[in-house]
Amino acid sequence: MGGAFKANRVVYKAASSIDVARRRLPANSDDDGEEEDQSYLHPDVKAPRMGGVVVKVFAWFLESRILGALLLYLLKRNNLIHKLVTNAELEESPLYVPLHPFQELEEQEVKQIEPSSDPASQVQQAVENCLLPLSSPNCSTTTSPGFHRWTVMDYYNAYTTRQITPTMVAERLIAAIEESSSAPWDMGFFINHCPKDILKQASESTLRYERGEAISVLDGVPIAVKDEIDCAPYPTTGGTKWLHKARASEGDAECVARLRQCGAILVGKTNMHELGAGTSGINPHYGATRNPFDVGKIAGGSSSGSAAVVAAGLCPAALGVDGGGSVRMPAALCGVVGFKPTFGRVPHSGVLPLNWTVGMVGVLAGTVEDSLIVYAAISGDSQKTSDPEMKNNKKPNPTKPKLYLPLLESTSSVTNIKLARYKEVSIRRVRNFVFRDDFVTNNDLCSLMFRWINEYWNSGSMIARRRSGSAVPTRWISCRRNTGGRRWRWSYRR
């Protein structure tokens, strides 16, 4: 069986020995600047496609001792599993928890948010330092006809001026949820919601505004939660019919508790692709989440319900969980903002540990400003020992960077800032920007991209139109980060 079953292997070199920006070994290395291929692989997947009786027969062969072992070996070899995983050689220990050393640098056009055990204080800092003053007129006074999506500040200003109350909003919201959940719409936004609990939270918020004691700008603002995150009084199903029976939900996840401390009205658990294992948002148990722009189209996934309720205007923001695009993809399909924070920025306790080292609690919102406000509320160090990050690190991470938020209302434009070298790919007309450390730091990049997207978003030049008959925006932005080093690639597609 010698050569027939012999598999090649790949050697993963230590990160310190590779210049990722040039994909070469350092000049002082023994290889004298030899080219080193560390780019992403595009494997040719050779898994067989089958269905019906053929699947049953194939499963029978796989379960047999001799033929099963042979078939499994061949499948792994053909899909490069032996080469890239089983027989791979690592020159340094693998990184199981994505915590990297960080060097604090002086940054521009950002504001440091002082860490606080009180989420409302962090929200207040974000609003006062990064957005327009609280007394600024809000966009709810516009006279333009048509659909209007309320922002967090729209709700806050309407509450403080007594135009409406949280109770009025809750009553209309409940009616809208009931209407959208029944024929002929059957939008599939929510897996679970409780009108009684929504009204209870709204009445408490209304009393606070009447006394002039609003907790924060999020007080009375409706926010939905993906059914992958614990939120009382609902079970956490993960989009299944059985998971909540095997894993009981114990109160709020820490990120949800932070929103509740800010006075937000948590309106229910949104629909999702079952166990987050897909990108369509089609759930066989709770129905497909339909795209508000076109009910015949999907909303994307796996945070399908969270993106759809924001796009429909039911909530200005919602929580999702993003491992491989589960916040960003439905945001792109529904024309809203999708933000996935860095590992460790948002506590993970109370979230289904499906892929906790890469799956982060993220924000879906109608505007960049709203995503920033919600992010300020939920970010911070975990206070619970049940958080996976706390379990795997006995001491707090001393290299965790401080929290900086961009000055979205800065008068200086970022459209002419040269961030990196430019490379145009003619295929599909995709423009690729490669951000390198000698141009900009990681925190600078995050802040600049926040502001850049905000400027183009507000100008209407990005995600402003849809193709005829399609619910997919004509322009969108995605982000990928190479694991081999600090290298970022942003794609702006027309």
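I began with Ile113, which in this predicted model sits in the loop between β3 (110–112) and α4. I looked up its accessibility and noted it as buried, because its relative accessibility is 2%, under the 20% cut-off. Leaving aside neighbours within four places in sequence, I listed the contacts of Ile113 as Gln122, Gln125, Ala126, Leu403 and Leu405. I also noted Lys402, which is 289 residues from Ile113 in sequence but 7.8 Å away in space, C-alpha to C-alpha.

Next I turned to the nonpolar cores. The largest has 52 residues, and Ile229 and Leu259 have the most contacts inside it. Among the elements that give two or more residues to this core I noted α4 (119–130), β5 (222–226), α9 (254–261) and α12 (368–378), and α12 gives the most, with 8 residues. Apart from this core I found another, of 26 residues, including Ile174, Met187, Leu314 and Ala318.

I then went through the salt bridges, for which the count comes to 10. Glu89 pairs with Arg9, the closest N and O atoms being 3.3 Å apart; this pair links distant parts of the chain, with Glu89 in strand β2 and Arg9 in the segment before β1, 80 residues apart. I recorded Glu89 as partly exposed at 31% relative accessibility and Arg9 as exposed at 51%.

The last pair I looked up was Asp230 with Arg247, whose side chains meet at 2.9 Å, N to O. Asp230 lies in the loop between β5 and α8 and Arg247 in the loop between α8 and α9, so the bridge ties together parts 17 residues apart in sequence. Here I noted Asp230 as buried, at 4% relative accessibility, whereas Arg247 is partly exposed, at 22%.

Definitions and conventions:
Residues are numbered from 1 along each chain as its sequence is written. This is a predicted model: local features need pLDDT of at least 70, side-chain atom pairs count only at pLDDT 80 or more; totals for chains, interfaces and linings use all residues. Side-chain values use heavy atoms; hydrogens and water are left out. A nonpolar core is a set of buried Ala, Val, Leu, Ile, Met, Phe, Trp, Tyr and Cys residues joined through side-chain atoms within 4.5 Å. Buried means under 20% relative accessible area, exposed over 50%, partly exposed in between (1.4 Å probe, protein chains only). Helices (H or I, at least four residues) and strands (E, at least two) are DSSP runs, numbered from the N terminus. Contact means heavy atoms within 4.5 Å. A salt bridge is a side-chain nitrogen of Lys or Arg within 4 Å of a carboxyl oxygen of Asp or Glu.
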